[in-house]
Number of protein chains: 4
Amino acid sequence: MRLHVPTPLRWSDLDAYGHVNNARMLSLLEEARIQAFWVSAEADENAAGASTAVLDATPGADTVTLIARQEVEYLAPIPYQRQPLDIELWIGHMGGASLEVCYEVFSPLGVEPRVLYTRAVTTIVLVDSATERPRRIDDREREAWQPYLGDPIVFRRR
Amino acid sequence: MRLHVPTPLRWSDLDAYGHVNNARMLSLLEEARIQAFWVSAEADENAAGASTAVLDATPGADTVTLIARQEVEYLAPIPYQRQPLDIELWIGHMGGASLEVCYEVFSPLGVEPRVLYTRAVTTIVLVDSATERPRRIDDREREAWQPYLGDPIVFRRR
Amino acid sequence: MRLHVPTPLRWSDLDAYGHVNNARMLSLLEEARIQAFWVSAEADENAAGASTAVLDATPGADTVTLIARQEVEYLAPIPYQRQPLDIELWIGHMGGASLEVCYEVFSPLGVEPRVLYTRAVTTIVLVDSATERPRRIDDREREAWQPYLGDPIVFRRR
Amino acid sequence: MRLHVPTPLRWSDLDAYGHVNNARMLSLLEEARIQAFWVSAEADENAAGASTAVLDATPGADTVTLIARQEVEYLAPIPYQRQPLDIELWIGHMGGASLEVCYEVFSPLGVEPRVLYTRAVTTIVLVDSATERPRRIDDREREAWQPYLGDPIVFRRR
């Protein structure tokens, strides 16, 4: 099963070429990931659904999420558009203390033809704030994320 | 009359102090302004209402909008929150070739107590792309923006 | 007396119009200000000279610097260029717990003709991290900054 | 042979965790890459040396550089520091119309012990502005870049 996270662009995401900047894309993926996985005090408003949002990784919390690795394929340039991008998000692998979040970034819902702009994967390590060492994914997290396990992305260029 | 432009935050808007960065606030105002004033091919989805969106200032268009001046008062630090900020937006002055856009940035709609985070004004000059000189606000623009004329902001610190 | 802080651009400072973005300019001013005023463990490398750098406002320090107000006039568009901008920086006013930092942003040193791109002022309030209340500028700070007191900027558009 | 591109940080590169943000790292790599490969009107000031800077890919030029793929490993968090990061940069592969730029991001020159913060690779495709199709790396470019060909990065996590 995949989450669909509507992710709005800003005009300032464009660079001098007039398309969404390649580095800024990772900020969009970061935002989609936070919407999907982070506990929110305002969980009812969480567009991505509350069920996966079990990770309290806000500054000051017990867990820090470290980004260990990212891989991104840019398939088509992205123009500024007002409707949010449709970012599909799932988990390609769940390890002991880490997980791989996979993304496919599509044109806004309802816009035809549907365009796949970007595919990416982020490896996240859960780190205990106190010990600063990796900590295991706990049972509640594992249970919440299990339904979103899917095939990892096979990248075209490698 | 004021426009209400719901403007979502991103976690990456925070700086190392854990609040929305002072420079990034101007990107949020920029986005609200674009939502409000720029012609959109997808006008029906325009959260700010289509009536003020008569300015075609996208790259390649006949008009370029130059920012001549900005003034911002930061009244309270802004934490990350999932619901969009409620940016009120109106026109404090309409000149020959320029206009002053005024903003009050509030906490998300429905959150109590309502907090006024920031007040700001942006002076925009309309520039003809071909001649690179200021061009007059035309009748259609003036008519569309007239209902949103209001008192300019009186800043506390000056 | 004015400080000269060489401040490098990045290509990513440009927006879709191909010039340094208006909001990003405030990040450049922020960086120049930090170079000038913040204590550095590597003070010898401080391009702006070590004498004004007496403020320990890094996260975790006793003082937090809050931005209370900014005013910016954009006089000419700024293209990408490899040599650092020459940001002149001085103090327009020193109050009890606040100071006004003034900036004039010029084209790189040695490039002719010299262009004044931007003028700006930032009002900074020193806040005690523990009490979260403004704290007075202390004697050491006042002494260090005194030589850089100068006339406040008179903005053209107001 | 590797290029060494000194790349200054900004305080605004930090995120709410107080370290250089993972997405922002790609802007730093972008800037190092531009310093190294783009033709500059001010070539004498090019910190990376003028010899590799043969690519005129500024907006309006005959060539657009598209980013097709990026892979990044984050090995250690990066604090704010005033001295520029030491980014080593070489070419892992030169194809017909594309090249793979490899990076190792180190702590500033002279700081001991030397820390390897990040390793990354970017696949760039040269695109003809007029036809919008990939164009071959020409002889002058190939000759300029040949000395910087080296072994591609072998990533630890895959």
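# A walk through a four-chain model

Let's start with one residue: Arg82(A) is buried, with a relative accessible area of 11% (buried means under 20% relative accessible area, exposed over 50% and partly exposed in between, using a 1.4 Å probe and protein chains only). Before going on, a word on the ground rules. This is a predicted model, where local features need pLDDT of at least 70 and side-chain atom pairs count only at pLDDT 80 or more, while totals for chains, interfaces and linings use all residues. Residues are numbered from 1 along each chain as its sequence is written, chains are lettered from A and ligands numbered from 1 in the order in which they are written, and side-chain values use heavy atoms, with hydrogens and water left out.

Back to Arg82(A). You'll find Arg82(A) in the loop between E2 and strand E3 (85–94) of chain A (strands, E, are DSSP runs of at least two residues, helices, H or I, are runs of at least four, and both are numbered from the N terminus). What does its side chain meet in chain B? A polar atom of the Arg82(A) side chain lies 2.6 Å from the backbone oxygen of Ile34(B). The backbone oxygen of Trp38(B) also sits 2.8 Å from a polar atom of that Arg82(A) side chain.

Now for the pair made by chains B and C. Chain B can be laid on chain C by a turn of 180 degrees and a shift of 0.0 Å along the axis, with an RMSD of 0.0 Å (the copies are superposed by least squares on the C-alpha atoms of residues with pLDDT of at least 70 in both). The two copies are thus related as by a two-fold rotation axis. The same surface serves both copies, as 100% of the contact residues of chain B recur in chain C (contact means heavy atoms within 4.5 Å). Which residue of chain B comes closest to the rotation axis? That's Glu71(B), at 2.1 Å, taken at the C-alpha.

How much do these two chains share? The contact takes 26 residues from chain B and 26 residues from chain C. Between them, chain B and chain C bury about 2,400 Å², 51% of it on carbon and sulfur atoms (buried area is the accessible area, with a 1.4 Å probe, that two parts lose on being put together, summed over both). Tyr17(B), Arg69(B) and Arg157(B) supply 26% of the area that chain B buries against chain C, more than any other three residues.

Two salt bridges are counted between chain B and chain C (a salt bridge is a side-chain nitrogen of Lys or Arg within 4 Å of a carboxyl oxygen of Asp or Glu). The side chains of Arg69(B) and Glu71(C) meet in a salt bridge, at 2.8 Å from N to O. There are also 14 residue pairs in polar contact between chain B and chain C, both residues at pLDDT 80 or more (a polar contact is a pair of N or O atoms within 3.5 Å; within protein, one must be able to donate a hydrogen and the other to accept it, and residues adjacent in sequence count only if both atoms are side-chain atoms). On the side of chain B that touches chain C, helix H1 (22–37), strand E2 (63–74) and strand E5 (116–128) of chain B each supply at least two residues. E2(B) gives the most to that side, with 10 residues.

Chains A and D make another pair. Chain A and chain D bury about 2,400 Å² between them, 51% of it on carbon and sulfur atoms. In chain A, Tyr17(A), Arg69(A) and Arg157(A) lose the most area to chain D, together 26% of what that side buries. Two salt bridges are found across the interface of chain A and chain D. Glu71(D) forms a salt bridge with Arg69(A), the closest N and O atoms being 2.8 Å apart.

Finally, let's look inside. The largest nonpolar core has 164 residues, and those with the most contacts inside it are Trp145(A), Trp145(B), Trp145(C) and Trp145(D) (a nonpolar core is a set of buried Ala, Val, Leu, Ile, Met, Phe, Trp, Tyr and Cys residues joined through side-chain atoms within 4.5 Å). Not counting residues up to four places away in sequence, Trp145(D) touches residues including Phe37(D), Ile91(D), Met94(D) and Ile137(D). In chain C, Met94(C) is in strand E3 (residues 85–94), and Met94(C) is buried, with a relative accessible area of 13%.
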